[in-house]
Amino acid sequence: MLGLNKKDTNLLLVVLALTMLAPFILNPFPTDSGLAQFNAGYPDLMQRFAIFGIFAIGFNILFGLTGYLSFGHAAFLGVGSYSAVWMFKLLSMNILPAIILSVIIAGLFALVIGYVSLRRSGIYFSILTLAFAQMSFALAYSVLTPVTNGETGLQLTLSDPRILGSSAAADGSIPVTNLFGLEMRSAWDMAVGPWTFTFSAGYYFCAIVLLVAFYLSIRIFRSPFGMMLRAIKSNQTRLNYTGLNPKPYTLAAFVISGMYAGLAGGLMAAMDPLAGAERMQWTASGEVVLMTILGGAGTLIGPVLGAGMIKYFENILSKINESVLHGWFAFMPDGLEDFFVAIVYPFVGKGWHLTLGILFMLVVIFLPGGLVEGGQRIGAAFRRKGKKAGGAEAEAAKQQPGE
Amino acid sequence: MGILEVKGVNKRFGGLQALGDVNLSVEENTVHAIIGPNGAGKSTLLNCLVGKLIPDSGSVSFAGQSVLGRTPHEINQMGISRVFQTPEIFGDLTVYENTMIPCFARRDGTFKLNAIGSVGSQTDIRDQAMAMLEDVNMADKADVHAASLSRGDKRRLEMAMCLAQEPKMLLLDEPTAGMARADTNNTIDLLREIKEKRDITIAIIEHDMHVVFSLAERITVLAQGTPLVEDTPENIKGHPKVQEAYLGGHG
């Protein structure tokens, strides 16, 4: 289907089901139950899952295939966001032109940074990209204030021209982002018994873009271009002496992954029309590296899983504060309760980074292929068990006629 | 005029004159060996031929075109394929993919952004690569990861990759270094087979006299960066200058 082989088609269908049913899957607990705080099915977070999924898919095209570790990818995300917000300010609140512009501008930006950075490989390449991203961050924060609005961040105002739209909505407020009239913030609640599921236009738009981005990445992985990128990771000397120039290949991969980042940045602004310099900071670049490695670099689905996992931790674990913990351990005697709260507390709430760090260490040490490798191992274990059981049954079947 | 012409090439590394006034002419469709003791400048000469080093003076031309100042991939596209001392292959890719890459290089040149169509739909490339693998008796290993091949098979694969480009000239850098005698003999047989099946020029840099005298039609002896003699294997064997270079004058 769609020019994919059977295995890839199945993978795409799984992602299709996961993204379309996300409001159900991520809301397994009734709204009034004590576990409701583990529900992640609210539009804001689901949008972030999809957006960072796109970001990580793009990053994986560069890092997973060519092995070039960029530490500055957040710069393209930030550039994408700024471009989109400028489009909202100048043109109209329709998100389509905004997103197209973010992809183009991020692509051009990536072309320049990639052209310079790719003169080196290995750690030097990483340092160069990091330097560029930090430079962009510093510029956005200070010198480029007329364009980026400095530390306040770029926001919409009532005095923006919006030549194809209107400066202000009918009620005098700032208009909201939309796709040909479909407001991104509009949502529809569905109550089923004690559960409430929210379907948001913004999320579904992000999910569809994620699906397209994922589909494109499968095509790239399976194409001759993808094979060349893997060849670059494997042995650049041989590639050189096989009459192929590795430079344009790596540059193309860099630009494509920069465009994915720009797309993610544009979507971010489309969901919430503001852009700040902190989106370009090195911590944001590091986060996408974590996502990709946690999920499984070089695999198709890994980066999406990694992005989902980190964003879930960031938003759900961090909400668990001391009083919530006391609620959990309330059934214990007082002294014991305080003791358990004291032990668990550093790992949740503001300390969620600690849990993430430990998890990351465990994955890197025991599952170098990331969560995908974990899934494969579990799958293999089940298959072995299934085969053994099947074998025993066959034995039994063989013995029966003799009885 | 030979297919490869080296004229008056000098290369100096600091105080060391690695190559001094090297002249060499390799005739088309012959096997030409370059031999010499350790430190004679064999590898330096080879690196000047493939674009890894640029000589200080002199000229190197291949099929009438100068190769100086060109990058390795450009020189490869001119028709020189290089086989390395330790096999350089794409270890993370399968044997089949390894063989497809040079087929792509031959068809599409140094760069082509072919990012949407799948590898599976490139039937011409797949057929070429498979034919090449059958030619070197490796078709049964097509789906094996190249890194898990034996040393001998890696060498065989590397040669298959070079030949898949249908080069005018195959350049071998000590192809049997560090090999057991049986593997060395296999490599010699493989090279003989390659030579018999097609019109190709082979230049071979080698230390092992057994290999050289089994294959070469012309031999150039290099010592201390300059060619001593160039002749047929029969004449080289008994040449006093060669024995002097190799055995220190008491041959």
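## The largest pocket

By class, the residues lining the largest pocket split into 10 nonpolar, 10 polar and nine charged. Keep in mind as you explore that this is a predicted model. The space in this pocket comes to about 1100 Å³.

Next comes the second largest pocket, with a volume of about 780 Å³. Its lining has 32 residues, and those closest to the centre are A:Arg48, A:Phe52, A:Glu287, A:Lys311 and A:Glu314. Two or more lining residues come from each of these elements of chain A: helix 3, helix 11 (246–271), helix 12 (282–295), helix 13 (302–316) and helix 16 (352–366).

Which helix gives the most to this lining? That is helix 3 of chain A, with seven residues. Sorted by class, the lining of the second largest pocket holds 16 nonpolar, seven polar and nine charged residues.

## The largest cavity

How many cavities of 30 Å³ or more does the structure hold? There are three, and the largest has a volume of about 60 Å³.

Residues from both chains line the largest cavity: A:Pro224, A:Phe225, A:Met228, A:Leu244 and A:Tyr249 on one side of the list, and B:Phe104, B:Asp108, B:Lys112 and B:Asn114 on the other. Two elements give two or more residues to this lining, namely helix 9 (224–234) of chain A and helix 3 (95–108) of chain B. Helix 9 of chain A gives the most, with three residues. By class, you will find six nonpolar, one polar and two charged residues around the largest cavity.

## The second largest cavity

You can trace its lining through B:Asp135, B:Val136, B:Leu190, B:Glu193, B:Ile194, B:Lys197 and B:Arg198.

Where does the largest share of this lining come from? Helix 6 (residues 181–197) of chain B supplies it, with four residues. The lining of the second largest cavity has three nonpolar and four charged residues, and no polar ones.

Definitions and conventions
Residues numbered from 1 in each chain as written. Chains lettered and ligands numbered in written order. Predicted model: local features only at pLDDT ≥ 70, side-chain atom pairs only at ≥ 80, totals over all residues. Heavy atoms only, no water. 1 Å grid on protein atoms, 1.4 Å probe; cavity = no way out; pocket = protein on both sides within 12 Å on 5 of 7 lines; lining within 4 Å. Points joined across faces, edges and corners; volume = space filled by probe spheres on them. Nonpolar A, V, L, I, M, F, W, Y, C, P; charged D, E, K, R; others polar.
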